[in-house]
Amino acid sequence: MLACVVSQASEKPNIVHIVADDLGWKDVGFNGSKDIKTPNIDRLAAGGAIFGQFYSQHICTPARACLMTGRYPFRYGLQTLVIPSVATYGLDTSEYLLPQCLKDAGYRTAIIGKWHLGHGDKKFWPKQRGFDYQYGALIGELDYFTHAEHGVLDWYRNNKPVREKGYTTQLLGKDAVKFVKAQAPGKPFYLYLTFNAPHTPYQAPKQYVDRYSHITDPTRRIYAGMITCLDDEIGGLVAALDQKGFRQNTLIVFQSDNGGTFDPTFTGVMADVTKIKIPCDNGPYRDGKGNLYEGGTRVCAFANWPGRIKPNSRVEGLIHVVDLFPTFAALAGASTAKCKPLDGLNVWDAIAEGKPSPRTEIVYNIEPYRCAVRQGDWKLVWRTILPAKVELFNLAEDPYEKNNLAETNPEKVAALQKRANDLAQGAAKPLFLLEQMKLVMKNMQGEPVLPGEDGFDSGDLP
């Protein structure tokens, strides 16, 4: 058995946290994909524990905020939509982040890939939030080959813009390998490898698209190529860990930031999806990114650590992405005393030993106009603005959310509504909505509002 708090620095595990962007639950082999091949990801999943009920937030920024804080995003105003490219706000600097916590425990920390937690002021940037090394994009979406959004470069290394050629997935994978090879034995590291694939725009190198000539839908063909390229880069990273002799002491966690996209509203600002079929597949789960049903929040995920996590195992208990912070901190022997009260729980025993998860509740989100809360098997989805809508599901009997039981279970509805209301009492106001109000006031006062400055490129409120 591995003790959760490790006293010897040499025993502290390296932590590699790999996050895919908008990856459909069923778009990996270990969850049953038939047409998209992910042999490296599947090998890691088979060598560790696959999560059956791993929850993230419904969309990019809130999910990433949970990872960094171990706290639900309604605590600090990042619960609504994403940080648009024109925004000036970011993740509250009073939050003590995971890389800061691990750095205090002697870790070298790196983010390679997408940030999306604030770009309008350098105080929000990764290098200012505990990462020793940074490479990749600060905003949410970019062209895979030009590394720009609408012609504006979004590609940085250690706070400085980088102009280079290459496909972002391959550049990130190559940089992750370089980072691993530069690490010294005995000095633990935390690598947050956060790919922008397979988020829109749907782009892939021709050689990857050509591998899927048997897929008739052209967008699905490109999407499949994007995922296989992602898989190849993960395979290269694992090979580098092996070559350095780090593999036996490295915990790898893989997940998507949210479910695959179904609703065109949430595909982003750079892709015209009016003439294509959105390619993501969340399997049997309802809906996708941007919505609070299972398809948007229950994501593909696994953990792998040779000798510490049993191969070919499954974790069926509830785990939320906020749980990774305290779990990683405990394994690293890191103190969370500087953090605000965490919503996350240490779930290591559930992952490594198959014990019941300590988590019995999932707070999908708390917003002024909607919320979703799960306690045990019961899940409430509540739209509070007109037309109001209340839905209640028993996920043990109906994991695909087909049968609304609200009318026949009024007491359960009332209890979960009370829980949501209680949480909302202490919620911060959504920064996205506050930003919009500033722009409205600016417009009312006769000041010009630049094209795209309204921040609603990502779609209207659901």
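The talk below takes the terms one by one and sets values against definitions.

Mentor: Start with the ground rules. This is a predicted model, where local features need pLDDT of at least 70, side-chain atom pairs count only at pLDDT 80 or more, and totals for chains, interfaces and linings use all residues. Residues are numbered from 1 along each chain as its sequence is written, and side-chain values use heavy atoms, with hydrogens and water left out.

Trainee: How many helices and strands does the protein chain have, and what makes a run count as one?

Mentor: The protein chain has 11 helices and 18 strands. They are DSSP runs: a helix is H or I over at least four residues, a strand is E over at least two, and numbering goes from the N terminus.

Trainee: Why is the protein chain called as compact as a globular protein of its length?

Mentor: Compare two values. The radius of gyration, taken over C-alpha atoms, is set against the globule rule, 2.2 Å times the number of residues to the power 0.38. For 462 residues the rule gives 23 Å; the chain has 21 Å, which is close, so the description holds. The C-alpha atoms fill a box of roughly 60 × 50 × 50 Å along the principal axes.

Trainee: What makes a residue of helix 8 buried or exposed?

Mentor: Relative accessible area decides. Under 20% is buried, over 50% is exposed, and partly exposed lies in between (1.4 Å probe, protein chains only).

Trainee: Why is histidine 147 put in one class and asparagine 158 in another?

Mentor: Histidine 147 has 0% relative accessibility, so it counts as buried. Asparagine 158 has 28%, so it counts as partly exposed. Histidine 147 is in the loop between strand 5 (133-136) and strand 6 (148-149). Asparagine 158 is in the loop between strand 8 (156-157) and strand 9.

Trainee: What is phi in these two residues?

Mentor: Phi is near 60 degrees in histidine 147 and near 50 degrees in asparagine 158. Both are positive values in a residue other than glycine. Most residues other than glycine have a negative phi, and most peptide bonds are trans.

Trainee: Which peptide bonds are cis, and what is omega there?

Mentor: One runs from alanine 197 to proline 198, with omega near 0 degrees. Another runs from threonine 200 to proline 201, with omega near -5 degrees. Proline 198 sits in the loop between strand 10 (189-194) and helix 5 (206-210). Proline 201 is in the loop between strand 10 and helix 5 too.

Trainee: How do you know which strands pair in the open sheet?

Mentor: Count bridges. Two strands pair if DSSP finds at least two bridges between them. Strand 4 and strand 10 are joined by 6 bridges and run parallel. Strand 4 and strand 5 are joined by 3, also parallel. Both counts meet the cut-off. Threonine 109 stands opposite tyrosine 190 in strand 10, and isoleucine 111 stands opposite glutamine 134 in strand 5. The open sheet has 10 strands in the order 9-8-5-4-10-1-11-12-2-13, with mixed pairing.

Trainee: What makes strand 9 and strand 13 edge strands?

Mentor: Each pairs on one side only. Strand 13 (313-315) is an edge strand, and strand 2 (residues 49-51) pairs with strand 13 in the parallel sense over 3 bridges. There, isoleucine 50 has arginine 314 as its bridge partner.

Trainee: Which residues are in contact with glycine 296, and what does contact mean?

Mentor: Contact means heavy atoms within 4.5 Å. Leaving aside neighbours within four places in sequence, glycine 296 is in contact with residues including Gln57, His58, Asn258 and Arg286. Glycine 296 lies in helix 7 (residues 294-297). At 0% relative accessibility, it counts as buried.

Trainee: How much of the contact in the protein chain joins residues 24 or more positions apart?

Mentor: Such pairs account for 70% of the contacts with a separation of 6 or more.
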